[in-house]
Amino acid sequence: MREQDGRSESADERADRRWNELLQEVRVVQTGAQVLFGFLLSVVFTPKFATLSDFDNGLYVAAVVLGAASMGVLVSVVSVHRAVAGLGRKPGLVQVANRLVPLGVGLLACTIGCSLLLLLRVATGPVTAAVLTSGAAIWFLGWWLVLPLALRLSQAGSREADETAGGRGA
């Protein structure tokens, strides 16, 4: 057993733990993506859809395609797991999934942006919709990208400080 991040676990135990944590995260994101995608699929059957401008129609198509792409990537985590389950390749699986999930979340963010812009254009008009959607995009970037990166950088700096202090006998 080796210690990694203050834990005493083998490489297999670490992969199992990281996989379980990742699956919990995917479940949360997938639920939201599925609800949004289901909503998008139903919009085309409403009377208001026939009155959309060409731009709004294109925005709708972009939102649906991005939603489908997001769902495809997020569900691929499960299908990749099924393909390699029992082959002793969980550490590699975790690495692949750690790349797929941010891609799926990024596509989901784009889906939300297109959906929000479409909805707000219909509800408020193009200028207000652009302003509100831009604000929402900045909001999402802050919580979904800037905060995690800041925490990661802060953790890396903290680890370096601990190692430096440990090397000086502190």
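1. A salt bridge is a side-chain nitrogen of Lys or Arg within 4 Å of a carboxyl oxygen of Asp or Glu. By this rule the protein has four salt bridges. As background, side chains of opposite charge can pair when their charged atoms come close.

2. A word on what you are looking at: this is a predicted model, in which local features need pLDDT of at least 70, side-chain atom pairs count only at pLDDT 80 or more, and totals for chains, interfaces and linings use all residues. Residues are numbered from 1 along each chain as its sequence is written, and side-chain values use heavy atoms, with hydrogens and water left out.

3. Now the overall plan. The protein contains four helices and two strands, where helices (H or I, at least four residues) and strands (E, at least two) are DSSP runs numbered from the N terminus. Of the 170 residues in the protein, 28% are buried. Here buried means under 20% relative accessible area, exposed means over 50%, and partly exposed is in between (1.4 Å probe, protein chains only).

4. Let's start with Glu-9, which sits in strand S2 (residues 7–9). Glu-9 forms a salt bridge with Arg-17, and the closest N and O atoms are 2.8 Å apart. The side chains of these two residues are also joined by a polar contact of 2.8 Å. A polar contact is a pair of N or O atoms within 3.5 Å; within protein, one must be able to donate a hydrogen and the other to accept it, and residues adjacent in sequence count only if both atoms are side-chain atoms. Is Glu-9 buried or exposed? Glu-9 counts as buried because its relative accessibility is 8%.

5. Next, follow Arg-17 into helix H1. Arg-17 is buried, because its relative accessible area is 18%. The side chain of Arg-17 also meets that of Glu-21 in a salt bridge (3.3 Å, N to O). Glu-21 and Arg-17 both belong to helix H1 (residues 11–43) and are four residues apart, about one turn of the helix. Glu-21 has 38% relative accessibility, so this residue counts as partly exposed.

6. Asp-56 counts as buried because its relative accessibility is 8%.

7. Leu-74 lies in helix H2, and it is buried because its relative accessible area is 0%. The C-alpha atoms of Leu-74 and Val-101 are separated by 6.2 Å, although the two residues are 27 residues apart along the chain. Gly-72 also lies in helix H2, but Gly-72 counts as partly exposed because its relative accessibility is 41%. Between the C-alpha atoms of Gly-72 and Gly-104, 32 residues apart along the chain, the separation is 8.0 Å.

8. On to the largest pocket, which has a volume of about 1500 Å³. Of the 40 residues that line this pocket, the closest to its centre are Glu-25, Val-101, Pro-102, Trp-144 and Pro-148. Helices H1, H3 and H4 each supply at least two residues of the lining. On a 1 Å grid over the protein atoms alone, a pocket is an open set of points where a 1.4 Å probe fits, with protein on both sides within 12 Å along at least five of seven lines; lining residues have an atom within 4 Å of a point. Grid points are joined across faces, edges and corners, and a volume is the space filled by probe spheres set on the points.

9. Finally, look at Trp-144 in helix H4 (residues 126–167). Trp-144 counts as partly exposed because its relative accessibility is 37%. Together, Trp-139, Trp-143, Trp-144, Leu-147 and Leu-151 form a nonpolar patch on the surface, with about 580 Å² of accessible area (Shrake-Rupley method, 1.4 Å probe; for residues, only the protein chains shown count as cover). Patches are made of residues with over 30% relative accessible area and no salt bridge: like charges are joined within 9 Å, and nonpolar side chains (Val, Leu, Ile, Met, Phe, Trp, Tyr) within 5 Å.
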